[in-house]
Amino acid sequence: MRRFALRTGLRWKVSLAIAAVSTLVAVVLSLVVHNAARVSMLDNSRTVMDERVKVAQRWYEQSRVLGFGAKLDDPRLPDQLKKEAWRGQRATYLEDSGTGTPEVWASVPLRNGKVLSVHTKFQDRFAVLDDLDRVLIIGSVAVVLGGIALGVLVGDQLSRRLRKAATAARKLAEGDSEVRVREAIGGRVRDETDDLARAVDGMAEALQQRLEAERRVTADIAHELRTPVTGLLTAAELLPPGRPTELVRDRAQAMRTLVEDVLEVARLDGFAERAELQEIALAEFITRRVRAVDPDAVVNVVRDAHVSTDPRRLERILGNLLANAARHGKPPFEVTVEGRILRVRDHGPGFPEELLKDGPSRFRTGSKDRAGTGHGLGLTIAAGQARVLGARLTFRNADPLMDSGDDADGECVGAVAVLWLPESAPTNTGSFPIIEVPD
């Protein structure tokens, strides 16, 4: 069962991060501003009420007239103000329920023992606080939306540069040595993406130089061996008939084949090979070639297709796959044509785990279960020729639970090599189409 993994774009992650920070900052600032404005209004209201009660006290003591709505010994006077008046102190008091407009009191004891008090709600002043809250909400929403827009802009720019870098790195991995990540991402902004691009370019150049040096050494060695091996093979033809002569000829021919294969691998590794394209009917072409290579092999045509490919290279791939099946597998050998898909199958022990995991590797002939003659170059050459054709060559083992030819022990019943030919052929510049291979 495949584990579900949520994948989101970088720009959305950046946008959400900026939006979250903007929301947090807007909420905190709004609360701070609201509380500061409320505290300031409450302090100002108490100051105003304190001034009013002092003026009301002077008027009453001079003219016995109560002004500013003042009252004497108001029965609703809060107990806190009664205690302050009993101690002879002028005081203010705030009644705030937390839901409506607070009521502000102020009181002062008189010489005749009575308490003069005033109170009001200042509704007009605190209505301004509601307007301030609305402004703060609108401003907070604007800040959050602006943060999201900024996050999308910044994240999209960074994500676009990273996508370009990933595309360029993919082309490098496919063998396009002319691609440079730094040139691909472009832009005048210098950030960590440029550092990553320069590091990848440096690594690619160093690896390319090393691979080129190894390829050149391999090609030079193989080229130098061609002349003496050819001479050895010619000299073997001059030996008198007999079993020793046959052994010498066989080994000389094997050495010549090895040298030619090494040279072919070196050319394929240099990415200098180009396909010479022709339009062919795949089923007819495969049937003729299989009959020439292995008359006992079974050819199944599920669906025919016309393809534009290099017949010589396709024949080379097919021959190597059949030779590998004959060398390491068991008959019957089956070749199936299904549209642009070509399958070659044997009924032996299957491919080794190392090949299924890492792909074909030169001079690796497989595990002991697939031991035999050969130098491990056949599948390497087949994969390289498939790359020149713009095709994909995959390897798997047959599933015994889904195959009617299961053996008694339920073990693997064959190796399956699948060649996926592209719908469009490689271009003259050497670029290859992308082959979508299902899981």
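**Close-up 1. A salt bridge between R289 and E315 in the predicted model.** In this predicted model, the side chains of R289 and E315 form a salt bridge, in which the closest N and O atoms are 3.3 Å apart. R289 belongs to helix α7 and E315 to helix α8, so the pair ties together parts of the chain that are 26 residues apart in sequence. E315 has a relative accessibility of 36% and therefore counts as partly exposed, since that class covers values between the limits of 20% for buried and 50% for exposed residues. Side chains of opposite charge can pair when their charged atoms come close. A search of the whole structure finds 8 salt bridges, and two others, D50 with R90 and E284 with R288, are described in legends below.

**Close-up 2. The packing of helices α7 and α8.** Two packed helices are described by the angle between their axes and the distance between the axes. For α7 and α8 the angle is about 50 degrees, and the axes are 10 Å apart. That angle makes α7 oblique to α8, and the crossing of the two helices is right-handed.

Close-up 3. E284 and R288 form a salt bridge whose closest N and O atoms are 3.1 Å apart. Both residues lie in helix α7, which covers residues 282-293, and their separation of 4 residues is about one turn of the helix. E284 counts as partly exposed at 48% relative accessibility, and R288, with a relative accessible area of 43%, is partly exposed as well.

**Close-up 4. The crossing of helices α8 and α10.** The axes of helix α8 (residues 311-328) and helix α10 (residues 378-388) come within 9 Å and cross at roughly 155 degrees. Angles over 145 degrees count as roughly antiparallel, and α8 and α10 are therefore roughly antiparallel to each other. The handedness of the crossing between α8 and α10 is left-handed, whereas that of α7 and α8 is right-handed.

**Close-up 5. A cis peptide bond between P331 and P332.** The peptide bond that leads from P331 to P332 is cis, with omega near 0 degrees. P332 lies in the loop between helix α8 and strand β8, the latter covering residues 334-338. Most residues other than glycine have a negative phi, and most peptide bonds are trans.

Close-up 6. R64 is a residue other than glycine, yet its phi is positive, near 55 degrees. Its place is in the loop between helix α1 and strand β1, where β1 covers residues 71-72. With 55% relative accessibility, R64 counts as exposed. D73, likewise not a glycine, has a positive phi of about 45 degrees, and this residue is found in the loop between β1 and α2. The relative accessible area of D73 is 42%, which places this residue among those that are partly exposed.

**Close-up 7. A salt bridge between D50 and R90.** The side chains of D50 and R90 meet in a salt bridge, with a distance of 2.8 Å from N to O. This pair links distant parts of the chain, as the two residues are 40 residues apart, with D50 in helix α1 (residues 10-63) and R90 in the loop between α2 (79-86) and β2 (91-95). D50 counts as buried at 18% relative accessibility, whereas R90, with a relative accessible area of 40%, is partly exposed.

**Close-up 8. V115 and K71.** V115 lies in strand β4, which covers residues 115-120, and with a relative accessible area of 13% V115 is buried. Between V115 and K71 there are 44 residues of separation in sequence, while the distance in space from C-alpha to C-alpha is 8.1 Å.

**Close-up 9. A nonpolar patch on the surface.** I137, V141, L145 and I148 form a nonpolar patch on the surface, and together these residues have about 360 Å² of accessible area. One of them, L145, is placed in helix α3, which covers residues 123-173. L145 has a relative accessible area of 54% and is therefore exposed, the limit for that class being over 50%.

Notes. Residues are numbered from 1 along each chain as its sequence is written. This is a predicted model: local features need pLDDT of at least 70, side-chain atom pairs count only at pLDDT 80 or more; totals for chains, interfaces and linings use all residues. Side-chain values use heavy atoms; hydrogens and water are left out. Patches are made of residues with over 30% relative accessible area and no salt bridge: like charges are joined within 9 Å, nonpolar side chains (Val, Leu, Ile, Met, Phe, Trp, Tyr) within 5 Å. Accessible areas come from the Shrake-Rupley method with a 1.4 Å probe; for residues, only the protein chains shown count as cover. A salt bridge is a side-chain nitrogen of Lys or Arg within 4 Å of a carboxyl oxygen of Asp or Glu. Buried means under 20% relative accessible area, exposed over 50%, partly exposed in between (1.4 Å probe, protein chains only). Axes are lines fitted to C-alpha atoms, for helices over the stretch in contact, and angles run from 0 to 180 degrees between N-to-C directions. Angles under 35 degrees count as roughly parallel, over 145 as roughly antiparallel, 65 to 115 as roughly perpendicular and the rest as oblique. A crossing is left-handed if the near helix is turned anticlockwise from the far one by less than a right angle, and right-handed if clockwise.
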